[in-house]
Amino acid sequence: MMPVQDLAHRSQTAIWHPCTQMAHLHRVPPLPIARGEGPWLVDTDGRRYFDANSSWWVNLFGHGDAGITGAIHRQLDTLAHVMLAGCTHEPAVRLGELLAARTGGQLGHTFFASDGASAIEIALKMSFHAWANQGQAQRREFVCLRHGYHGETIGALAVTDVQLFRDAYAPLLMQAHIVASPDSRDGAASEAEALHALRELLAARGEHIAAVVVEPLVQCAAGMRMHSPAYLRAVRELTREAGVHLIADEIAVGCGRTGRFFAWEHVLAATPGADGPFWPDFLTLSKGITAGTLPLSLVLTTDAVYNAFWSDDVRRGFLHSHSYSGNALACAAAVAVLERFADGALLGELAQQAQHLRTAFAPLADDDRVEHLRQRGTILAFDVKAELAGADFALRYHLAARTHGLLIRPIGGTVYLMPPYVVDAPTAAWLARAVGATLDEVSHAA
Ligand SMILES: *Cc1c(COP(=O)(O)O)cnc(C)c1O
């Protein structure tokens with residue numbers, strides 16, 4: 001077997017790693033991972049690390065889940081891929097049907113791509129084009145939220161408000177409106193302020209705006225900034241009154257992460273009897289949709305948007321395409337994920353898992369190194385106080401955690417867990433101990 005240093009070293013030459021200043025890589029050599037087993041990643045020396053962030057939020061059921069890999073194996077024996085223009089296949093159709101059913105038919109049309117950023121590009125283009133087809137081509141402005149993250153291709157980056165990712169490319173980006181976003185850490189007033197800002201913008205520019213894009217319930221990449229379903233319901237009401245599309249980006253929070261299959265279902269649950277009109281116009285999924293096995297993303301939309309493209313004129317169609325659009329292997333994996341959610345038992349388990357996390361981490365609320373302990377479903381986060389955090393806190397914490405068998409990447413001073421859906425009470429207790437021990441180590445060093 002290749003020694004650990006060798007693979008890490010070869011990687012620094014052969015691979016240009018994502019989200020990484022390559023000149024710094026030697027300080028934090030990449031972990032050479034040989035295999036995954038449930039929530040554990042095993043390196044080439046046999047050391048085990050708990051995948052506390054689900055490999056960038058994609059891995060729902062742990063590594064090597066037999067149900068998902070079995071579905072992929074069966075599909076591989078039949079058909080790996082065929083182009084989705086002019087052809088179709090069972091896994092793609094079945095996936096579209098299952099997703100439509102999950103929205104009660106409100107979002108009954110599925111468009112496929114392979115990564116989250118492309119799904120956002122599609123939603124933006126579709127929104128603009130739908131308006132143009134309806135004689136409203138002046139609607140070509142987009143609204144996103146402060147601290148929002150929607151991916152890093154040029155269009156998605158234009159509606160992303162993370163300076164570090166944006167600044168270098170600012171001259172290339174279309175101008176989007178960035179409005180205040182709520183944050184539970186600032187109390188309920190921040191929701192009222194954010195709604196006020198959106199209301200003002202829609203009053204001033206509403207007729208030029210195609211869509212507003214939001215990450216429902218948790219702005220994950222910004223450091224797990226959370227808000228309430230009531231805020232989202234008000235955003236839906238405001239956008240509907242202004243005749244503006246609403247894009248719900250559930251790339252991170254979809255697929256059960258918040259305790260319901262779609263995060264948006266929390267909005268509906270808070271709005272009895274007002275189901276249909278309260279769905280967004282577009283909903284994007286990726287990350288967990290194949291449980292971390294294969295790249296797939298998709299955009300769900302309404303009859304109204306779909307019908308805006310229905311015409312004898314080819315140019316009024318949505319001609320966007322990707323080579324791997326609707327890949328059969330990825331769709332088979334996603335169907336297996338959807339089937340896992342079919343009878344509601346998994347959502348019941350997820351509620352229990354969230355409770356195990358809540359119980360195990362509750363003592364942190366009294367830890368004076370920590371503030372803003374918060375949770376939504378199986379996303380748990382807290383902030384380390386500024387005096388402790390320091391500039392390279394995330395890096396120091398990440399490295400110390402490795403020695404405790406924990407793979408975790410804080411965002412600035414925010415430590416968070418988004419574990420695979422395998423958290424029983426002992427696992428939650430182990431996680432809390434490992435997170436605490438790492439915190440002790442990093443605070444003593446500070
Ligand atoms: C990760 C993410 C994206 C981008 O997905 P990629 O597959 O990384 O392009 C978009 N939106 C949200 C909310 C995300 O978390």
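1. Let's begin with His245, which sits in strand β10 (residues 245–249). Strands here are DSSP runs of E with at least two residues, helices are DSSP runs of H or I with at least four residues, and both are numbered from the N terminus. His245 counts as buried because its relative accessibility is 6%; buried means under 20% relative accessible area, exposed means over 50%, and partly exposed lies in between, with a 1.4 Å probe and protein chains only. Leaving out residues up to four places away in sequence, His245 touches Ser127, Ala130, Trp131, Ala210, Ala211, Val212, Thr239, Asp281, Phe282 and Val305. Contact means heavy atoms within 4.5 Å.

2. A word on the source: this is a predicted model, in which local features need pLDDT of at least 70 and side-chain atom pairs count only at pLDDT 80 or more, while totals for chains, interfaces and linings use all residues. Residues are numbered from 1 along each chain as its sequence is written, and side-chain values use heavy atoms, with hydrogens and water left out.

3. Next, please look at Glu141, in strand β5 (residues 141–145). Glu141 is classed as buried because its relative accessibility is 16%. Beyond its neighbours within four places in sequence, Glu141 is in contact with His177, Arg205, His208, Ile209, Ala210 and Ala211.

4. Now for a pair of helices. Two packed helices are described by the angle between their axes and the distance between the axes. Helix α4 (residues 90–102) and helix α13 (residues 328–340) have axes that come within 8 Å and cross at roughly 35°. These axes are lines fitted to C-alpha atoms, for helices over the stretch in contact, and angles run from 0 to 180 degrees between N-to-C directions. The α4 and α13 crossing is left-handed, a term used if the near helix is turned anticlockwise from the far one by less than a right angle; clockwise would be right-handed. From α4, the residues at the meeting are Pro91, Ala92, Arg94, Leu95, Leu98, Leu99 and Arg102, and from α13 they are Ala328, Cys331, Ala332, Ala334, Val335, Leu338 and Glu339.

5. Leu347 belongs to helix α14 (residues 345–361). With residues up to four places away in sequence set aside, Leu347 touches Gly256, Gly259, Arg260, Phe261 and Phe341. Leu347 and Gly259 are 88 residues apart along the chain, and their C-alpha atoms are separated by 6.3 Å.

6. Ser54 is worth a look too: this residue lies in helix α2 (residues 54–57). A relative accessibility of 0% is why Ser54 counts as buried. Apart from neighbours within four places in sequence, Ser54 is in contact with Asn59, Arg257, Met418, Pro419 and Pro420.

7. On to charge pairs. Side chains of opposite charge can pair when their charged atoms come close. The model holds 17 salt bridges, each being a side-chain nitrogen of Lys or Arg within 4 Å of a carboxyl oxygen of Asp or Glu. One of them joins Arg35 and Glu37, with the closest N and O atoms 2.8 Å apart. Arg35 is partly exposed, with a relative accessible area of 44%, and Glu37 is partly exposed at 33%. Another links Arg47 to Asp45, where the closest N and O atoms are 3.7 Å apart; Arg47 is partly exposed at 45% relative accessibility, as is Asp45 at 49%.

8. A further salt bridge brings together the side chains of Asp367 and Arg369, at 2.7 Å from N to O. Asp367 counts as buried at 17% relative accessibility, whereas Arg369 is partly exposed at 22%. Elsewhere, salt bridges with shared partners connect Asp183, Arg185, Arg225, Arg374 and Asp383 into one network.

9. Lastly, the loops. Gly412 lies between β15 (406–407) and β16 (414–417) and is partly exposed at 46% relative accessibility. Excluding neighbours within four places in sequence, Gly412 is in contact with Phe393 and Ala394. The C-alpha atoms of Gly412 and Asp383 are separated by 8.8 Å. Leu172 is found in the loop between α7 (163–166) and β6 (177–179), and Leu172 counts as exposed because its relative accessibility is 55%.
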